[in-house]
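Look over the sequence and the model shown below.

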Amino acid sequence: MKWTEFLIPTTKETPADAVVPSHQLMLRAGLIRQVVAGAYTYLPLGYRSLRKVEAIVREEMNRAGGIELHMPAMHPIEWWEETGRVEAMGDVLIRLGSASPDDWRSRTVLGPTHEEPVTEIVRAYINSYKQLPVTLYQIQTKFRGEARPKSGVLRTREFLMKDAYSFHLTKEGPGGLDETYDRMYAAYCSIFGRCGLPYVAVEADSGAIGGDASHEFMATTDAGEDLLVQSEDGAYAANLERAEVSPLADPANGTNAALAEVATPKLTTIDEVSAFLKCKPEQMIKTIIFEAEGKPLVALVRGDHEVNEAKLARAAGVSKVTAAGPDVIQKLTGADVGFSGPVGLDARIIADQAVTVMYDAVTGANKTDHHLTGVNRDRDFTITESADIRTAVAGDCSPTGSPLTFKKCIEIGHVFKLGTKYSDAMKATCLDPNGKPQSFIMGCYGIGLNRIMAAVIESFHDESGICWPMAIAPFEVVICALDVRVDEVMALSGQLHDDLAAGGVDVLLDDRDQRPGFKFKDAELIGFPVRATVGKRGLADGIVEIQSRRTGEVQKVAPDQAVATIKEMVESARLAERTDGS
RNA sequence: CGGGGCGUGGCGCAGUCUGGUAGCGCACCUGCUUUGGGAGCAGGAAGUCGCAGGUUCAAAUCCUGUCGCCCCGACCA
């Protein structure tokens, strides 16, 4: 491919709207162009990378036993009503609008994921346990009505996703869900490894999608929106939403202070009250009222801690907790919001472990404009249930006692054990060996392809531009032909290009009539892993210059050695750049 | 959905407060020179100033409304 016959709109200046490095560089290197918020055109160069990511994903999915198919983005809303996800997804589910509710548009949604259509297929065609297990996957465009698209292609409303779904009769044993789950997990490691991406697999919360086990694959990058929690000993890694902490030691520093009520007019927050009473937030018990299954649920955490709703729900044995409104709080505590406390409160109360080792605490008095000081457990209130229900913070240790560290990260893949949530809802069954209908046990496995690309750029760039790993670089090699009007330069450049291309190397010939500096800057911005420079100066010395983008290392070789040298670099990079999760 | 910022040639911006000929840099086209780290000179093309109303002799500029985009937060499979 010749540069002058391709479309590569690079820019020297950074567009003002781009904040994170991957976004800035993708725009500057001419990989993408924004169309509306959360939707991007992949320009030819960007699309080449995306296609390479796609090819790797496809290859590994096939190797892991997946069967590729392609489902539409348009779904009948009835399927989503069957599984109750029209409500569960809310605004994330994009619906086609129409003035008339009877119009087909009103009954059509754009798929944010494909559990419903794939379950419908299996319901229709798989009737016997003998056809199981089966894993269907597709690489397809997804639509989600994200409230706030951001960070370039890291969070968009339209994106390319590989989604796989497996169907089983059993959880354990040959052909069971666990077996496929493990195989998919391994395939994911291969995929991210081949893309050269630093990643970590962590335990995740399975959230609204349901199911009982889930791992997220995270790429660590400062542009990420999630927090990855890892123990220093490397034994524990989890999403912050799920991370468990080891119990805090009992300081046994109680003075058995007397219970006292103090007026705290209009002071409703931990900060306000602690400032007013000159105590530390960690001396306060924060009392948060939730509702679960229609009943109040009270959570107690230390003042400087936050309730983790997912952990609370799990501890409470309910599917979901929601913050209670002012009316519920008023009715339960007899006080306005901001003055709740455990003393004398009649409701199910779950105390965080940290609260069980607090003495002489401060908390709301269940009386508007008043707080209590000198509050002690057992004497002033009883803790019947305690658990780990708070979000981990700096200073906490893993369940095995190793200090936790926090890193920003972006989710690039997710594997779930779904169970029968969707097959039950959609009445998708097959006959077991006894001739009895059984709901399919399902797993689902997603990868965001665009995010892989962006995460790779976040991980591998410098002040000059992108440093692609060989595996997903839009072109593996660029030949900078300086002095395009010198016949010998162009003849050799053209010959190198043709020989490399014939040898299976992705090569781009920069045949633009531009000054050398201009071409070098573009080559570095785009980040071709290998640059071969052919100029009349080098030619006079009988050499071609070959440079690695990542190491900057330059080799000067005779023209007849150039092809072999470059091919060797390409091949060794393909192996060397592979990563493993850690 | 709350808070903040911004919409002026393909890109980056000035001009808006104080109304009066739409401007600068990059990129683009033509010509000459230049050719190993984003060249120089000369000439040129390209913008209903987001959109709609209003005020005014006159609106990029003032007023009202509206749409879009970005950032922080909330939310998030």
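Which residues of α2 are buried? They are L45, G46, S49, L50, K52, V53, E54, I56, V57, E60 and M61, where buried means under 20% relative accessible area, exposed over 50% and partly exposed in between, with a 1.4 Å probe and protein chains only.

This is a predicted model, in which local features need pLDDT of at least 70, side-chain atom pairs count only at pLDDT 80 or more, and totals for chains, interfaces and linings use all residues. Residues are numbered from 1 along each chain as its sequence is written, chains are lettered from A and ligands numbered from 1 in the order in which they are written, and side-chain values use heavy atoms, with hydrogens and water left out.

**Helix α2**

- Helix α2 covers residues 44-63, which is 20 residues; helices (H or I, at least four residues) and strands (E, at least two) are DSSP runs, numbered from the N terminus.
- From its first C-alpha to its last, α2 reaches 28 Å, close to the expected 28 Å, a span defined as 1.5 Å times one less than the number of residues.
- An α-helix has 3.6 residues a turn, so residues three or four places apart point the same way.
- The buried residues of α2 pack against β2 (39-42), β7 (134-143), β8 (158-168), α6 (177-194), α11 (449-459) and α13 (516-526), with contact meaning heavy atoms within 4.5 Å.
- After α2 comes G65, which has a positive phi near 95°.

- Of the atoms of RNA strand B that come within 4 Å of the protein, 44% belong to sugar and phosphate.
- The residues of this surface divide into 14 nonpolar, 10 polar and 18 charged; Ala, Val, Leu, Ile, Met, Phe, Trp, Tyr, Cys and Pro count as nonpolar, Asp, Glu, Lys and Arg as charged, and the others, Gly among them, as polar.
- In the side chain of R28, an N or O atom is 3.4 Å from a base oxygen of RNA strand B.
- R537 has a polar side-chain atom 2.7 Å from a sugar or linking oxygen of RNA strand B.
- For E545, a polar side-chain atom lies 2.6 Å from a base nitrogen of RNA strand B.
- Two or more residues of the surface near RNA strand B are given by each of β1 (32-36), α4 (85-89), α13, β29 (530-534) and α14 (536-540).
- The largest share of that surface, 7 residues, comes from α13.

**Cysteines**

- The structure holds 0 disulfides, a disulfide being a pair of cysteine sulfur atoms within 2.5 Å.
- The closest cysteine sulfur to that of C467 is in C480, 15 Å away, which is too far for a bond.
- C467 is buried, with a relative accessible area of 8%, and C480 is buried at 0% relative accessibility.

**Backbone angles**

- Most residues other than glycine have a negative phi, and most peptide bonds are trans.
- L132 and P133 are joined by a cis peptide bond with omega about -5°, and P133 is found in the loop between α5 (115-125) and β7.
- D360 is not a glycine, yet its phi is positive, about 50°.
- D360 is in the loop between β17 (348-352) and β18 (361-364) and counts as buried at 15% relative accessibility.
- D483, also a residue other than glycine, has a positive phi near 55°.
- The loop between β27 (477-481) and α12 (487-502) holds D483, which is partly exposed at 28% relative accessibility.

Methods: A residue is near a molecule or strand if one of its heavy atoms lies within 4 Å of it. A polar contact is a pair of N or O atoms within 3.5 Å; within protein, one must be able to donate a hydrogen and the other to accept it, and residues adjacent in sequence count only if both atoms are side-chain atoms.
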